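Trainee: I would like to go through the terms used for this model and the criteria behind them.
Mentor: Go ahead.

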Amino acid sequence: MASAAPSAASRIAVVTGASSGIGAATARQLAAAGYRVVLTARRKDRIEALAEEINAAGHAATAYQLDVTDRAAVDEFATAFQTVGVLVNNAGGALGADPVATGDPADWRTMYETNVLGTLNLTQALLPKLVASGDGTVVVVSSTAGHGTYEGGAGYVAAKHGAHVLAETLRLEIVGQPVRVIEIAPGMVRTEEFALTRFGGDTQKAAKVYQGVAEPLTADDVAETITWAVTRPSHVNIDLLIVRPRAQASNTKVHREQ
């Protein structure tokens, strides 16, 4: 099925967490699909380099340094737009893998603020612009962690459950408005930073996450899924799409080759 070209009114796509991984891959693919992408992340050098890459490829991109947990900065960012067509709430991440009994409350707080409040901040700030476009789309990149728990993951699971419920509730609250709410929930994705960040830079622990798994998902796999969902015709809403590698049957059952 051919993708629907973005209309003139909905051609701007804001992508959070665009400095690496799924966010960067999504920005590339949305740009190739005809959107003018606005790249946001805390690491200015990364998003500026990505914007240069996208522009050099003949597409359109702008970099804007932004911390999604800073509400004042988010509100200021939103004033730059009259309309926005797409918001991809991708900024997030996991910290630690300790059990509930010994988990670091600071890590839990950071995960909640980034995964849930960051998504809330951008969505609240840009929702009027999405409505004004006449054809808006909010994407929440959650996780299979938002749909099932596992030992050692309670802090991240709680945050991603929050992101899932935010998307689900928003969809109910704005029905009748010209804005779709899409949730993409990836399973095991191997990116350059996710597991490394989770384990505080411990490369051995990070590598063990994917040990024996022949083909985890890639950032491009998830970005392609997001882009497909966004480019469906306006009347088609992909409420929830869970995507896992074939080797992963659930959060706790993964086939690992010896």
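Trainee: How do the residues of the lining of the largest cavity divide into nonpolar, polar and charged?
Mentor: Six are nonpolar, five polar and four charged. Ala, Val, Leu, Ile, Met, Phe, Trp, Tyr, Cys and Pro count as nonpolar, Asp, Glu, Lys and Arg as charged, and the others, Gly among them, as polar. The model is predicted: local features need pLDDT of at least 70 and side-chain atom pairs pLDDT 80 or more, while totals for chains, interfaces and linings use all residues. Residues are numbered from 1 along each chain, and side-chain values use heavy atoms, without hydrogens and water.

Trainee: Which residues lie nearest the centre of the largest cavity?
Mentor: Leu-95, Gly-96, Ala-97, Asp-98 and Trp-108, out of 15 lining residues. Helix H4 (105-133) and helix H5 (154-173) each give two or more residues to that lining.

Trainee: Why are H1 and H2 called roughly parallel?
Mentor: The axes of H1 (residues 21-32) and H2 (residues 44-56) cross at roughly 25° and come within 10 Å. Angles under 35 degrees count as roughly parallel, over 145 as roughly antiparallel, 65 to 115 as roughly perpendicular and the rest as oblique. H1 and H2 are therefore roughly parallel to each other.

Trainee: What makes the contact of H1 with H2?
Mentor: Ala-24, Ala-27, Arg-28 and Ala-31 of H1 and Leu-50, Glu-53 and Ile-54 of H2 make the contact, meaning heavy atoms within 4.5 Å. By class, five of these residues are nonpolar, none polar and two charged.

Note on methods: Axes are lines fitted to C-alpha atoms, for helices over the stretch in contact, and angles run from 0 to 180 degrees between N-to-C directions. Helices (H or I, at least four residues) and strands (E, at least two) are DSSP runs, numbered from the N terminus. On a 1 Å grid over the protein atoms alone, a cavity is a set of points where a 1.4 Å probe fits but cannot get out, and a pocket is an open set with protein on both sides within 12 Å along at least five of seven lines; lining residues have an atom within 4 Å of a point.
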